[in-house]
Amino acid sequence: MVAALLGAIGIWLLLPRGRVRGRLLGLALGAVSLGLLASQMPGLGDWVAQSLFVILAGVTIVSAAAAITLRNPVYAAISFGMSLLGTAGLLLFQGAQFLAVATIVVYAGAILVIFLFLLMLAEPGGRAPYDRLTWEGLVSAFAGAFTAGILAMTVTCTLVPRAGSLELSKREPPEPPVAVTHEQREQGILAYNHVEQIGRALFDRPQPTPAGQSPGPGYLVAVEVAGVLLLAALVGAAVIVGRGRGSLPRPRAKTAGFSSRGGPPDA
Amino acid sequence: MHDAELALLSNYLVVGAILFGLGVIGFLSRRNMIVMFLAVEMMLQGVSLSLVAWGRFYNDLAGQVLVLFIIALAACEAALALALIVVLFRRRGTLDVIAWQDLREADQPPYAEEALPEEPAELPPRWPRLTPAGVPPEIPREQTDYRPHV
């Protein structure tokens, strides 16, 4: 919680307020809060895994903070892309290879490029007053830090057994309802044919499992609905932009030499 | 091994919560519409991280399937929101949200623009100069007129 509060003050100092004062202090406070947070994280056992996780999470969080605090929106978009790469690395660290690649392709490849196009269209370069000023920086920084701090404190209190930090954490940690062994994970979610398994989970009809459990949910209808949603969003975006521009200019038959249907000129 | 998995889960949940919180801060405080939209995407990233972590913990692919749906939804949202931003930019000629502050509630006071200190104008770039050494070369006068420095 202390880390969240320090981080809130650091972010508030880092947010653009029209002046350059206090950004160094904000950087220092953010670094201190990240260090506090990293020291409170439970170890992963293996030091290679631990350092890899710390590096990936650090890249993700620092560049996310840079994305919301940098003044130039182009730099903000680029550091958001960096944070996306960190997120993809974190997903890869969990064994979700397909999602990591999909994140890079869809977000960093498509969405971020459209962002950059739009930013080039507007082209303020960080000098516009709406990039130099934020509104209610202190309140929103504390709101976000409150959200993150409450969530993180809930997680650490209920999942991680630690003696003496809080009253809540002195009790025994709750047993997870399903104890999954590593061998089961290697056959399930960490399997070698991971993409095939995701495809089966998406498109197969749900099979009743032999252990008397109910069959898992099938996602075929949901996939179709998502496809229809994508199509509707595409058509909707085209309609919105086209309507904002007014009616399309119509080619004139006499000057162009042929009609708008592309056929031969009808005399 | 089970403790390591538990630690992995809680670490990922904390990182996801921080990403979500940063997205909340960015959405609430920035005034550029595109940066606000970036912050929304950042919140979605945080949620995706925690979904994948729970999916690994319970050995269930449903978490990753849900993240796939989140990605599809984010693509839809990006298309629609960027189309809206283009239309709004055409109407007012700015990406500032405050240009649309007449949509606020009736009893709210209008936002007064804070006076900003003037930004210093961009200086012309200063190129490095080499310190002169050796015998000065003979350069004809008409060349030095057009080449003030190399």
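The expected span of a helix is taken as 1.5 Å times one less than its number of residues, and helices (H or I, at least four residues) and strands (E, at least two) are DSSP runs numbered from the N terminus. With these terms in hand, helix H3 of chain B (residues 62–92) makes a welcoming place to start: this helix has 31 residues and reaches 44 Å from its first C-alpha to its last, close to the 45 Å expected at 1.5 Å a residue. The structure is a predicted model, in which local features need pLDDT of at least 70 and side-chain atom pairs count only at pLDDT 80 or more, while totals for chains, interfaces and linings use all residues. Residues are numbered from 1 along each chain as its sequence is written, and chains are lettered from A and ligands numbered from 1 in the order in which they are written.

Just after H3(B), B:Gly93 takes a positive phi of about 75°. Several residues of H3(B) are buried, among them B:Val65, B:Leu68, B:Ala72 and B:Leu82; here a residue is buried if 20 or more other C-beta atoms, placed from the backbone, lie within 10 Å of its own, exposed if 12 or fewer, and partly exposed in between. Chain B as a whole has 4 helices and 0 strands, and 40% of its 150 residues count as buried. Two residues are in contact if their C-beta atoms, placed from the backbone, lie within 7 Å. Of the contacts in chain B with a separation of 6 or more, 45% are between residues 24 or more positions apart.

Chain A comprises 11 helices and 0 strands. Of its 267 residues, 29% count as buried. Among contacts in chain A between residues at least 6 apart in sequence, 50% join residues at least 24 apart.

Within chain A, H4(A) has 21 residues and reaches 30 Å from its first C-alpha to its last, close to the 30 Å expected at 1.5 Å a residue. Just after this helix, A:Gly95 takes a positive phi of about 90°. H4(A) packs with H5(A) at an angle of about 175°, their axes 9 Å apart; axes are lines fitted to C-alpha atoms, for helices over the stretch in contact, and angles run from 0 to 180 degrees between N-to-C directions. The pair is therefore roughly antiparallel, a term for angles over 145 degrees, with those under 35 counted as roughly parallel, 65 to 115 as roughly perpendicular and the rest as oblique. By class, the contact of H4(A) with H5(A) has 18 nonpolar, 4 polar and no charged residues, where Ala, Val, Leu, Ile, Met, Phe, Trp, Tyr, Cys and Pro count as nonpolar, Asp, Glu, Lys and Arg as charged, and the others, Gly among them, as polar.

A:Tyr107 lies in helix H5 of chain A and is buried, with 25 other C-beta atoms within 10 Å. Leaving aside residues up to four places away in sequence, A:Tyr107 touches A:Leu84 and A:Leu112. A:Tyr107 and A:Gly81 are 26 residues apart in sequence and 8.0 Å apart in space, C-alpha to C-alpha.

The two chains meet through 84 residues from chain A and 68 residues from chain B. On the side of chain A that touches chain B, the largest share, 13 residues, comes from H7(A). By class, this side has 58 nonpolar, 20 polar and 6 charged residues. H7(A) itself has 23 residues and reaches 32 Å from its first C-alpha to its last, close to the 33 Å expected at 1.5 Å a residue. Its buried residues include A:Gly144, A:Ala148, A:Leu151 and A:Thr156.
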